[in-house]
Amino acid sequence: MKYDHVLIRYGELALKGKNRVSFEKQLLSNIRQVLKPVEGIKVKRTFGRIVLELNGADPANVIGPLKHIFGIHSFSLAIRVDNEVSEMQKGALKAIKESEGDVRTFKIVTRRAYKPFPIDSQTLNHKIGGFVLANTEDIKVDVHHPDAIIHVEVRETATYITTSAFKGSGGLPAGTSGKLLLMLSGGIDSPVAGYLTMKRGVDLEAIHFHSPPYTSERAKQKVIDLAKRLNQFGGQIKIHMVPFTDIQTHIRDEAPSNFQMTIMRRMMMRIASRIAEERNIQGIATGDSIGQVASQTLHSIQTINEVTNLPIIRPLVTMDKLEVIEMAKHIGTYETSILPYEDCCTIFLPSDSKTRPSRKHAHKFEQYIKVDHYVEKALEGTEILDLTNLDEVEQAIEDLF
Ligand code: ATP
Ligand code: MG
């Protein structure tokens, strides 16, 4: 008898009424996706819970990943026993013995989710608690402030015994709130922005602009690694890799230096919009935070935003850089983000960018830019990396260089 199951709770979803079934299905599929590498496990949906059968897998391999999947409120390791009082007693004893820390007091909390079970929960508490007392030393019952609470959940096909619960990430399961195209650079901010949209159930595709040969294979690999990390939160992100060298060269040759950044951003936004529209994606997400750099003043955002009428979601707008860094560390993207590989935005770009670029001037200078031609060309050259097939991704990267 051992912890061979995990009970997964998603309380908040109950509030979602008739959406509930599709939420549960999505959560189930996200959990399966994230835990795919752990051999042997089975994930099932029962009434109001998801149950994971470990089938011999080490619980340590599932606890970490489960903490990061959105839509999970909490989860507990569980011992599954038959619906027999003697089995419940043995299971509870085992759970007490495996409890961490110094357990001197306990209480049994039985929940009879399966009402036809012939013994009521109060009687079960006594029978199970009595058995534990009879088979341990120096341990007492304390119904008010116990060191350990043993939960005994009687369901139709089996009883699950659990002690402590791990906190989940909350939020909504990725894939239940439509889709956004995340503008993913290799920096610190955009992965965090992606994470926050995922927390609200958003499914992501990512778009990355790169400028070979000025940006390297390693810079590209970094973006792939960041997207893979985001997938650990329940996503299946594809990356649209957009060639941006020709556009940047053209802008450098044709636009005044203090407007190059603005025009470059407007080009990025036009391309992202086209891809989003073609793929039925409802909007674009970026890692902008107000006032952080020249391209992120409200004046700048106003001028860049003009080229699309898709909603642009900027989850970090009000966050300070330090808050973003803290969150990046928490979600495990920071170490990758700070690797010092060049970004397409930093090559060629002069340092005299306007902090208040007007739309009027942007229109004036774009007369010299072949906007449509370069948008089409970039779209033609875009390749899609599907991270669910990693071998293909590695091959695609090799083929490119
Ligand atoms: P980040 O840390 O996300 O790179 P940042 O503080 O460096 O952000 P900028 O370089 O001004 O800020 O970029 C603002 C946003 O524009 C980024 O958060 C990202 O969403 C998008 N972006 C920038 N560069 C790229 C790129 N090469 N490919 C895709 N999106 C990009
Ligand atoms: Mg950046």
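Now some housekeeping. This is a predicted model, where local features need pLDDT of at least 70 and side-chain atom pairs count only at pLDDT 80 or more, while totals for chains, interfaces and linings use all residues. Residues are numbered from 1 along each chain as its sequence is written, chains are lettered from A and ligands numbered from 1 in the order in which they are written, and side-chain values use heavy atoms, with hydrogens and water left out.

Let's go to the ligand. There are 23 residues around ligand 1, and Met183, Ser185, Asp189, Ser190 and Gln296 come nearest; a residue is near if one of its heavy atoms lies within 4 Å of the molecule. In that shell you'll find nine nonpolar, nine polar and five charged residues.

Next, polar contacts, meaning pairs of N or O atoms within 3.5 Å. A backbone N or O atom of Met183 lies 2.7 Å from an oxygen atom of ligand 1, and for a backbone N or O atom of Ile188 the distance to a ligand 1 oxygen is 2.9 Å. Asp189 uses its side chain: a polar atom there lies 2.6 Å from an oxygen atom of ligand 1. Taken alone, ligand 1 exposes 570 Å², and the protein buries 89% of that (areas by the Shrake-Rupley method with a 1.4 Å probe).

Which elements give two or more residues to this shell? They are helix H5 (189-199), strand S11 (203-210) and helix H8 (257-278). Helices (H or I, at least four residues) and strands (E, at least two) are DSSP runs, numbered from the N terminus. S11 gives the largest share, three residues.

So where is the ligand sitting? The space taken by ligand 1 is the largest pocket, where sitting in a pocket needs more than half of the molecule's atoms within 2 Å of its grid points. On a 1 Å grid over the protein atoms alone, a pocket is an open set with protein on both sides within 12 Å along at least five of seven lines, a cavity is a set of points where a 1.4 Å probe fits but cannot get out, and lining residues have an atom within 4 Å of a point.

The largest pocket has a volume of about 840 Å³, that is, the space filled by probe spheres set on grid points joined across faces, edges and corners. Of its 41 lining residues, Ser185, Arg265, Gln296, Asp343 and Cys345 are closest to the centre. The lining divides into 18 nonpolar, 15 polar and eight charged residues.

There's also one cavity of 30 Å³ or more, and about 50 Å³ of space lies in the largest cavity. Its lining includes Gln248, Arg252 and Phe348. Helix H7 (245-254) gives the most to that lining, with three residues.

A cis peptide bond joins Pro212 and Pro213, with omega about 5°, and Pro213 lies in the loop between S11 and H6. Asp138 has a positive phi of about 60° although it is not a glycine; look for Asp138 in the loop between helix H4 (121-134) and strand S6 (140-141).

Note on methods. Polar contact = N/O pair within 3.5 Å; in protein donor to acceptor, adjacent residues only side chain to side chain. Nonpolar A, V, L, I, M, F, W, Y, C, P; charged D, E, K, R; others polar.
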